[in-house]
Amino acid sequence: METVELSKAGMSVSRVVLGLMRIKNLSDAEIRELVGTARDAGVTMFDHADIYGGSHGCEQRYGDAQAVPESERDQITIQSKVGIRSGYFDFSREHIISSVEQSLAALRTDHLDILLLHRPDTLMEPDEVAEAFDELHAAGKVAAFGVSNHTPGQIELLARSVRQPLVANQLQFSIANAALVAQGLAANIMGLDQSADRDLGILDYSRLNNMTIQTWGSVQKPPPGGVFIGDRENYGPLNEALDELAAAYDVTPDAIAIAWIARHPANMQIVIGTTNPRRVQESATGAAIRLTREEWYRLFTAAGHTLP
């Protein structure tokens, strides 16, 4: 498993991250198998959020299953997210601190390695967020901080107040849902939907500022979503290309879809939300494949994106 350096946090983490948003109804044995398979494949980072499975539901299941013994805590990176509540977003100092305390109790750990602010809260007071981060960092309860689904301007607004570096931004990205790169490839073209700037240049901003992009929805279609692998009605050419490359590399189409993300020089981390141990292994295999430029662009255009 390749590693990614979160240099602002002084951390070396696995390229593939296991997202645990769907484990609420798994048994302890199933959670142990899932996490154990990930660790055997070289995955060292695990992604949670306070909202997954209801209020801290998936975090509680992870802690209850004791998937990682406390004696091995320093061998893994635990990340969680905060800010989404029922019907609204909340970056208040009180909610951030309270939610982190509940996450720590549910996960049965004394600290989070990384805390991300989930969806942007337009009512955010940056100085209030800074107070919460300072308190959590000083108490040793959170080692590093970042964001999820934020634009460059929103990050800059936070960074003006927050004293800790913002080390990561978790963003939706896949071959089929590739606005993150597609806009830049079709810039300055009138009448083409792909040329619309939906994220205000977050890809280049992240690379310029040494901020790691973590991709979520890595095998998902654009909203309303679903998996594009095997969807030959809507993504026939893409699935044909995936099948051919999978045969050439002697792997599965899932692995090639992950390899496509891993090939980008932005050095992204890839969050996978599967509960299937086999797909965890396939993702780890795919992350180690280095597609050629020709193969990468073939998949990009097969998904329906335009090269001018």
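Buried means under 20% relative accessible area, exposed over 50%, and partly exposed in between, with a 1.4 Å probe and protein chains only. The model treated in these exercises is predicted; local features need pLDDT of at least 70, side-chain atom pairs count only at pLDDT 80 or more, and totals for chains, interfaces and linings use all residues. Residues are numbered from 1 along each chain as its sequence is written, and side-chain values use heavy atoms, with hydrogens and water left out.

**Exercise 1. Backbone exceptions in loops**

Solution. Asp-250 lies in the loop between α8 and α9, where helices (H or I, at least four residues) and strands (E, at least two) are DSSP runs numbered from the N terminus. Step 2: apply the cut-off. Step 3: read the backbone.

Step 1: Asn-267 is found in the loop between α9 and β12, and has a positive phi of about 60° without being a glycine. With a relative accessible area of 33%, Asn-267 is partly exposed.

Step 2: turn to omega. The peptide bond from Pro-223 to Pro-224 is cis, with omega near 10°. Pro-224 is found in the loop between β11 (212-216) and α8.

**Exercise 2. Two helix pairs**

Task: Determine at what angle α8 and α9 pack, and which residues make the contact.

Solution. Two packed helices are described by the angle between their axes and the distance between the axes. Axes are lines fitted to C-alpha atoms, for helices over the stretch in contact, and angles run from 0 to 180 degrees between N-to-C directions.

Step 1: Helix α8 (residues 236-249) packs against helix α9 (residues 253-262) at an angle of about 95°, the axes being 8 Å apart. This makes α8 roughly perpendicular to α9; angles of 65 to 115 degrees count as roughly perpendicular, under 35 as roughly parallel, over 145 as roughly antiparallel, and the rest as oblique.

Step 2: list the contact (heavy atoms within 4.5 Å). From α8 come Leu-242, Asp-243, Leu-245, Ala-246 and Tyr-249, and from α9 come Pro-253, Ile-256 and Ala-257. By class, the residues are seven nonpolar, no polar and one charged. Here Ala, Val, Leu, Ile, Met, Phe, Trp, Tyr, Cys and Pro count as nonpolar, Asp, Glu, Lys and Arg as charged, and the others, Gly among them, as polar.

Step 3: repeat for α1 and helix α2 (residues 57-65), which pack at about 90° with their axes 9 Å apart. That makes α1 roughly perpendicular to α2. In this pair, Asp-28, Ile-31, Arg-32 and Val-35 of α1 meet Arg-61, Tyr-62, Asp-64 and Ala-65 of α2. The contact of α1 with α2 divides into four nonpolar, no polar and four charged residues.

**Exercise 3. The surroundings of Leu-26**

Task: State which residues Leu-26 is in contact with, leaving aside its neighbours within four places in sequence.

Solution. Step 1: Leu-26 lies in the loop between β3 (16-19) and α1 (28-40). Step 2: Leu-26 counts as buried, at 17% relative accessibility. Step 3: the contacts are Ile-31, Leu-34, Arg-61 and Thr-275. Step 4: Leu-26 and Cys-58 are 32 residues apart in sequence and 9.6 Å apart in space, C-alpha to C-alpha.
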